[in-house]
Amino acid sequence: MRAGHSAEDLRQAILDNLACLQGKYPAIATPHDWYMAVAFSVRDRMLAHWVASVQASADPAVKVACYLSAEFLMGPQLGNNLLNLGLEAPVREALQGLGQDLDGLLEDEEEPGLGNGGLGRLAACYLDSLATLEVPAVGYGIRYEFGIFDQLIRDGCQVEITDKWLQRGTPWEILRPEVGYYVSFGGHTEQYHDADGCFRVRWIPARHIKGVACDTPVPGYRVGTCNTLRLWKSEAVESFDFQDFNTGDYYGAVHEKVASETLSKVLYPNDEPQAGKRLRLAQQYFFVSCSLQDMLRLCVMKGVPVRDFATQFVVQLNDTHPSIAVAELMRLLVDEHGLGWDEAWAITRQALAYTNHTLLPEALETWALPLFETMLPRLLEIIHEINRRFLDEVRQRHPGDEALVARVSLIDEAGEKRVRMAHLATVGCHAVNGVAGLHTRLLRETVLRDFAGLYPERFRNVTNGVTPRRFLMLANPALARLLDAAIGGGWARDLERLRHLEPLADDAGFQEEWQRVKAGNKQRLAARILAATGTRVDAATLFDIQVKRIHEYKRQHLNLLHVITVYQRLQCDPGLAIVPRTVVFGGKAAPGYAMAKLMIRLATGVAAVVNDDPVVAGRLKVVFYPDFNVKQAHAIYPAADLSEQISTAGKEASGTGNMKFMLNGALTIGTLDGANVEIREAAGAENFFLFGLTAEQAAPLQGAGYRPRDWYERDAELGAAIDAIADGTFSRGDAGVFRPLVDHLLDHDTYLLLADYRAYVDAQQAVDAAWRQPWRWTRMSILNTARSGRFSSDRAIREYCDGIWGVQPVPVRPEP
């Protein structure tokens, strides 16, 4: 019964799980009970694949890819697992026979918010591709009890609500209490000589925390492979002090439990206060240490000596958060397993690889030396020793260049001494990759320029990618069916096959079907917008969408300046003929990021004024769609006509939202930033609305004493738009609300909105011209999808496997 895939087998399995696991019978079962019963039934059918995959990975001849990431934004699991296992049709039929609706249950599913945005979603896409390509792999991270906050909009402002994704339990997770490791903090170190007379260091920690494994199976698409996402939950070594309880100290009796479990309590604590910094560093070390200890245990279980660790595992560091792995692997190999320094260093360098995801200095993590020394004294000693040996090498290769030595040192000696984590990762890994062609070039030329000069062979590019299973097949089933009918179904595993659409781009009949699919998707999104915001939008208008994390460099406020300009044009000339638009914003601002939260308030303020003005009715609507997440993305990407990718050139590492929009047939308006460069190359310049300064133009402009007020003063429409923000037009007459935003734009404008404004507005005119020719717009839309193949996460994973990891596919054939 646990293996049958027929509708009848699944119907009986659902009833069994409803009774045996939920303790309910159909007449009293809630929608959530039905969801859990279905999910357990699907999980049962994954477990044979999972066990066979784990068994295959245990072969000493198999090398396993381990992906360390502070975030895994997996999204809702049921629909994706049904798709990958080929079970959607029989489960739907089984539920219909039980009087239940699968779509309603999918809507009921809680989404684990274990990520902040693109970083975590990329990690999830890569896990999907690793399993689909039959590559043995484990994803390692933190099982946050509370993920990224749920977002409400009250009085136009973002309000953060606790994400209680575990409140009703999760059917996908399997707790492994027998797989746990102790992680040390604080204390001091002691030096000694071992029995062989070798110098050793012993860490005497002040406290331990236990990490317990929580596993989630990750099935590939229509293959036997089912990999593992292993997340670490923090627990107290001793959760209850009976002595304290007996003496009446009831809080003291559970203090250790409360303090230890705080470690995996919440995603990305506010690290402005010192306590937040301590917790964030502790989180990073906690999950890295647990993960490396786990790999070493598995190495021993394989019967392989620890000195051969790098032949069994490759460890990819997803951004700087896990970069402490360099020092921790050295500690484990030298202190715990007794290897010599040189041998341990060779293993560490061979096993580790580092992906850099940002050019923004504030995102290249550094830690104050006193904080690091207090929390991780042995790790700091190891970092100092790595640094000493590394700087000796630099001085040997570049004698007398102390400026170079200071720039590349793992310790920033200027002002308060700080540990540079990106430097640690670059020195301690055998490969360093950027995530788009432009990003990798700028890495080599700017933030890691000196390291690229020292180790040019380490630097390479792997442009990000997205999984077509979730973001086309699952999110846009109508388009997936159209593609299957037009070119066959092989594109799901080989996205380059979408190229076969190109001859159909001019076919009138195919264009009509394409338009019908898009119209249906827009109607569905319009219904969701009405339910979420109370705003009624016209699905026949151009859907102009910008959904992503709210940040100044992503420039949602540049989009708003254009909206205000269009609104003011209509006020001046109510008869002006414009393309009717619905402009949709979505995204979350970090709770401590005041300017980003002010940008959300501006978007809602503009929406309140524009949507209430009868002069523009039917021609311009503005929506801020709250709580953007993976589930919401399923409805948004397929409905978009225009994708706003308007970040300041040279600031976005890659982006993946741009790829998801392209895959679903949206046209892009954007700068030459991140993967936009490659998207434009792939789609063709004529199918992309380009504007703005390039990275090469932006840097000298800022270096030459950029004066944004000059742009404001010489462009009347720009001046009028900013004045309207400043005078309270969009804040109920309160001129002080947006003063910080206006002052920053006029006096600083770090991200060059004013310099790019006119080019952006002109590019939007080109968008209007294309939209007025439906055949042309549809042709451009088809060609964008047809040429999106290179942005599959499958392609990216193949490049990692071949160029960095040296990992081979291992087909798995589970026993029936």
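In this predicted model, nine strands come together as an open sheet with mixed pairing, in the order β5-β8-β9-β2-β1-β10-β11-β15-β16. At its edges stand β5 (174-185) and β16 (459-461); each has a single partner strand, so one side of each is left without a neighbour in the sheet. From one strand to the next, the twist averages 25°.

| Helix | Strands touched or crossed | Direction |
|---|---|---|
| α9 | β1, β2, β5, β8, β9, β10 | about 115° with β5 |

Now for the nonpolar interior. In soluble globular proteins, nonpolar side chains tend to be buried together. Here the largest nonpolar core has 128 residues, and F372, L376 and W805 are the ones that touch the most other members. Which helix gives the most to this core? That is α9 (residues 274-301), with twelve residues.

Leaving aside residues up to four places away in sequence, F372 touches L281, I324, W367, P377, L379, L380, I383, V419 and M421. There is also a second, separate core of 68 residues, with M599, L718, A726 and Y760 among them.

Key
Residues numbered from 1 in each chain as written. Predicted model: local features only at pLDDT ≥ 70, side-chain atom pairs only at ≥ 80, totals over all residues. Heavy atoms only, no water. Core = buried A, V, L, I, M, F, W, Y, C linked by side-chain atoms within 4.5 Å. Buried < 20%, exposed > 50% of the residue type's maximum accessible area, 1.4 Å probe, protein only. Helix = DSSP H or I, 4+ residues; strand = E, 2+ residues; numbered from the N terminus. Contact = heavy atoms within 4.5 Å. Pairing = 2+ DSSP bridges. Axes fitted to C-alpha atoms, helices over the stretch in contact; angles between N-to-C directions.
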